[in-house]
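Me: I would like to go through this model with you, one topic at a time. Could we begin with the aromatic rings?

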Amino acid sequence: MFAGPGYTGGRVWGSGQVPDAQAWEVRPTGFLDDVTRTHDINYTYIEQTYSGNDAATEAARAQAHWQADKEMLANMLAYQPQNWLEAQYRKAGILAFVAKADVSYAKHVDVVGEWNRDLAGIDPDFPAMPVAPHGRATWSVPSLVHAGATYTSTGMEALATSGVNVQVAMLFNPHIQPGNIAAQKVSQQGETSDPQAELDYSRRIMVPQRDPQNLDVFTAEGYVDGKWVTVWYDSDKNDLVRAVFNAGQKESETFYHGAQDRGFAGKKYDHANFTVTRQNYLNGEPAGDPEALPPVKADELPALAESRHTQTIKGLVTQGEAAVYPPAPTAEDRAWQDGRGSLFPAPAPSAARDAGEVVPPTPMPAVPASAEHAPALAPELAARLNHVRQDLGEVLRSAGFSTEQTQQVCAATLNHYTRHAILGAPDRFMLSRDQQHVGVLHNHGLHLSEMPIEVAWRQSEGAHLAEAVRVQGRTEGYAPGVAPEQAGAPLAPARV
């Protein structure tokens, strides 16, 4: 409901238009939609506050836009979606925004340098960028265009903005296989358009259509693998029914009944835990009793990492047309714009740094994602934490980290390990030579996973430990070297 150029709260806003309070009240459909909502809030504030056309204001506006982009990119990079819809949007969004920044802000911002310093490696699939002789990044234009075009042409964009949340969007499309999605319009597939082909959704996305007579109801229908499929969803009752017909007779009917998840995903995005039953039919009549199928659980999602500046301006921007903006950027705005109050503070000048010494990174000023106290750890997890502290504690303190910082890094490292436990038991926990990453050697040296140190500053020690406890509970029983799908359940969304 917030992803897309000029798109906020499920509506398109023209140039110069300010989204009203009602637009900001629309519930995001999932984590990435929430990330783009926050990005929209930052951009709205910048456009209203940095409104001059002189060279100084243009430079300041570019720097502020880049801080908003970095905050969004950091959240995107740290989040690993468990569904193909968010995965494709995430990829297209990261590529598009960095390329846009590199082109648009080049006069005022060292985009490549700041990417390589602050963002590269949060996700290993997005490493440091090589720099061309003119100082700009070298982009693969075909891959950039392909990522965005795929998101649009396959109907993913239409699905994401249909009005249902990400979880329900997936329930409308269990037939879709990632990497094998056809264009939404048959004419785009190079085939001769005919009515029957237009109704074949075997490799195409079913986009829910809102019932104009009942705005809580969404429907979709079409052929999947030669069988007629209808999907009906009531967002008020959280009920979804998927019926399959073969040669005009009902073959099966699958019922999903959702109860709002009590965790973060339920409260913020209305994601649910669904019980699932299927009634089979023979000659159009029910055959036997309904069969219980595996439930559909809400994913465990991270909290947004936000700077204090972003949290401060949210209350103003979400007033919509009633908001009264400062006539010019405030001292707090300037500090955030310059990186001093952002998620990634610019390195402070110091004699040690000037002398070429490595200086421990300063903790980010973001409000912790959770105020939880350190939870009780199961014996196995407590033993892992002791291992982390034995390997890293003295090393971090010798490198200049305070006791509190050391404890926070160790807790974050344990959290990182639980999300990568499928790689095997840890042999060693190591600090990189530049003191910017922690490495975990797994399974007798067969695998190495890495965590940027800055991840530790995103939430408190207790929040990291609480997250590790939750993740361990969801990944319990995975054998090293066995893929998640082979182990029978998905991993929790990975956050490096």
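Me: How many aromatic pairs does the count come to?

Reply: The count comes to 8 aromatic pairs. Rings of Phe, Tyr and Trp (its six-membered ring) pair if their centres lie within 6.5 Å; planes under 30 degrees apart are stacked, over 60 edge-to-face, and the rest tilted. This is a predicted model, in which local features need pLDDT of at least 70 and side-chain atom pairs pLDDT 80 or more, while totals for chains, interfaces and linings use all residues. Residues are numbered from 1 along each chain as its sequence is written, and side-chain values use heavy atoms, without hydrogens and water.

Me: Which aromatic pair does Phe31 form?

Reply: Phe31 pairs with Tyr79 in a tilted arrangement, 4.6 Å centre to centre and with 50° between the planes. The pair links distant parts of the chain, 48 residues apart: Phe31 belongs to helix H2, and Tyr79 to the loop between helix H3 (55–78) and H4. Helices (H or I, at least four residues) and strands (E, at least two) are DSSP runs, numbered from the N terminus.

Me: Is Phe31 buried or exposed?

Reply: Phe31 is buried, with a relative accessible area of 2%. Tyr79 also counts as buried, at 2% relative accessibility. Buried means under 20% relative accessible area, exposed over 50%, and partly exposed in between (1.4 Å probe, protein chains only).

Me: And what does Tyr45 pair with?

Reply: Tyr45 and Tyr325 form a tilted pair, 6.0 Å centre to centre, with 55° between the planes. Tyr45 lies in helix H2 and Tyr325 in the loop between helix H11 (308–317) and helix H12 (331–337), so the pair ties together parts 280 residues apart in sequence. Tyr45 is buried at 4% relative accessible area, and Tyr325 is buried at 15%.

Me: Changing topic to the helices: at what angle do H2 and H4 cross?

Reply: The axes of H2 (residues 31–49) and H4 (residues 84–104) cross at roughly 30° and come within 10 Å. That makes H2 roughly parallel to H4. Axes are lines fitted to C-alpha atoms, for helices over the stretch in contact, and angles run from 0 to 180 degrees between N-to-C directions. Angles under 35 degrees count as roughly parallel, over 145 as roughly antiparallel, 65 to 115 as roughly perpendicular and the rest as oblique.

Me: Which residues make that contact of H2 and H4?

Reply: H2 contributes Phe31, Leu32, Thr36, His39 and Tyr43, and H4 contributes Glu86, Tyr89, Arg90, Phe97 and Lys100. Contact means heavy atoms within 4.5 Å.

Me: How do H4 and H5 cross?

Reply: The axes of H4 and helix H5 (residues 111–119) come within 9 Å and cross at roughly 140°, which makes H4 oblique to H5. Ile94, Val98, Ala101 and Asp102 of H4 meet Val111, Val112 and Trp115 of H5.

Me: What is the strand order in the open sheet?

Reply: The order is S11-S12-S13, an open sheet of 3 strands with antiparallel pairing. Two strands pair if DSSP finds at least two bridges between them. Strand S11 (426–431) and strand S13 (447–452) are the edge strands, each pairing on one side only. Strand S12 (residues 437–442) is joined to S13 by 6 bridges, and Val438 stands opposite Met451 in S13.

Me: Which helix lies across S11 and S12?

Reply: Helix H14 (residues 379–398) does, running at about 25° to S11.
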